[in-house]
Amino acid sequence: MPGTAEEDLRTVLVTGATDGLGYETARLLAAADHDVIVHGRTAGQVDDAMERLVKDGIDPLRLHSAVADFACFNEVATMAHLVSKAHPRLDVLVNNAAIAGAEHRELTEDGYERTWQINYLSPYLLTTMLERRLAATPRSRVVNVSSSHHVWASLEPAALKEMHRYSPHSAYSRSKLALTMFTKGLTMYGAARSTAISVHPGILDTALLPTYSEAGRPAVEGARVVARLCMRQKVFNGAYYNEKSEPAHAAAVVENLTAVKQLWNVSANLTGMG
Ligand SMILES: NC(=O)c1ccc[n+]([C@@H]2O[C@H](COP(=O)([O-])OP(=O)(O)OC[C@H]3O[C@@H](n4cnc5c(N)ncnc54)[C@H](OP(=O)(O)O)[C@@H]3O)[C@@H](O)[C@H]2O)c1
């Protein structure tokens, strides 16, 4: 694929790789000869995605599987454990899996608002549990798939605790703001020698499109943005990138290091990592 001269990575974990942007990102990276760990919510979905990837011309030897429902911390922790065991190095972690805000506020078995757990707390847990692997791999990187909608959200302490005034859109935007702040937090508290960036991949024609618009670009166009940021040797650590793969302005609170630290500490407690 274009830009491969810059590449030097070997193993990439793409969460939510069974559909949409994640599937296309996994496909592009595997086609460029990287080992790709294809994550999905169930084993059946991962098998099906891997079959489709092979039909799309991918060498099956490039593909590895990882399964976890992000609505369940136990499953995420087990997956992190299995990935660590099976893969001594992890060059890139793409935190892509997400849902649009559920129509009504509902809690997971772990007791958290569903969108918050799937889109933010589980990526936080997975990333921190994979920290050793990321730290052991020179020039490793975390790429968090965020959204331009993060700028509309608020993360007041009260909102973090209860989130009573629920709306699907605010739940989604809030989770993406947290993921963008987490990216900044990783530059301070994350794996040594690792970089972290977040990206808005553009408005894409996927299952999540209705959250954004009536029409979107093909998922593969967003995947090119994400894959490029996975492979580019130099990125600005902690930066937020737009759909042109250029550094862009994130919400002001992302630059507020006190707020970033508070969110980090709260997240560590909520996920049992504190
Ligand atoms: N589409 C857009 O216009 C747009 C714009 C900006 C940002 N984004 C971001 O792009 C990323 C990819 O979204 P997409 O547009 O490609 O949507 P998508 O086609 O719905 O893909 C989402 C992926 O996440 C997985 N996922 C959802 N819930 C999960 C759970 N509980 N456990 C594990 N995996 C789960 C889905 O698997 P299942 O099929 O099993 O649910 C699917 O593989 C998201 O982070 C989204 O916020 C999208």
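Residues are numbered from 1 along each chain as its sequence is written. In this predicted model, local features need pLDDT of at least 70 and side-chain atom pairs count only at pLDDT 80 or more, while totals for chains, interfaces and linings use all residues.

The protein averages a pLDDT (the predictor's confidence in each residue, from 0 to 100) of 93, and 94% of the residues score at least 70. Over residues 1-6, pLDDT stays under 50.

The ligand is surrounded by 29 residues (C-beta atom, placed from the backbone, within 6 Å of the ligand); the closest are Gly16, Gly20, Leu21, Ala98 and Thr206. Of this shell, 15 residues are nonpolar, eleven polar, Gly being counted as polar, and three charged. Helix α1 (a DSSP run of H or I, at least four residues) gives the most to the shell, with three residues.

Leucine 21 lies in α1, residues 20-31. Leucine 21 counts as buried (20 or more other C-beta atoms within 10 Å of its own; exposed means 12 or fewer) because 26 C-beta neighbours lie inside 10 Å. Beyond four places in sequence, its contacts (C-beta atoms within 7 Å) include Asn96, Val145, Leu204 and Val226.

Helix α3 covers residues 73-86. Its buried residues are Phe73, Val76, Met79, Ala80 and Val83. Seen down the axis of α3, these fall within an arc of 120 degrees, so they line one face of the helix. They pack against β1, β2, β3 and α4. On the other side of α3, Asn74, His81, Lys85 and Ala86 are exposed.

Terms used:
Contact = placed C-beta atoms within 7 Å. Helix = DSSP H or I, 4+ residues; strand = E, 2+ residues; numbered from the N terminus. Expected span 1.5 Å × (residues − 1). Arc of directions from axis to C-beta.
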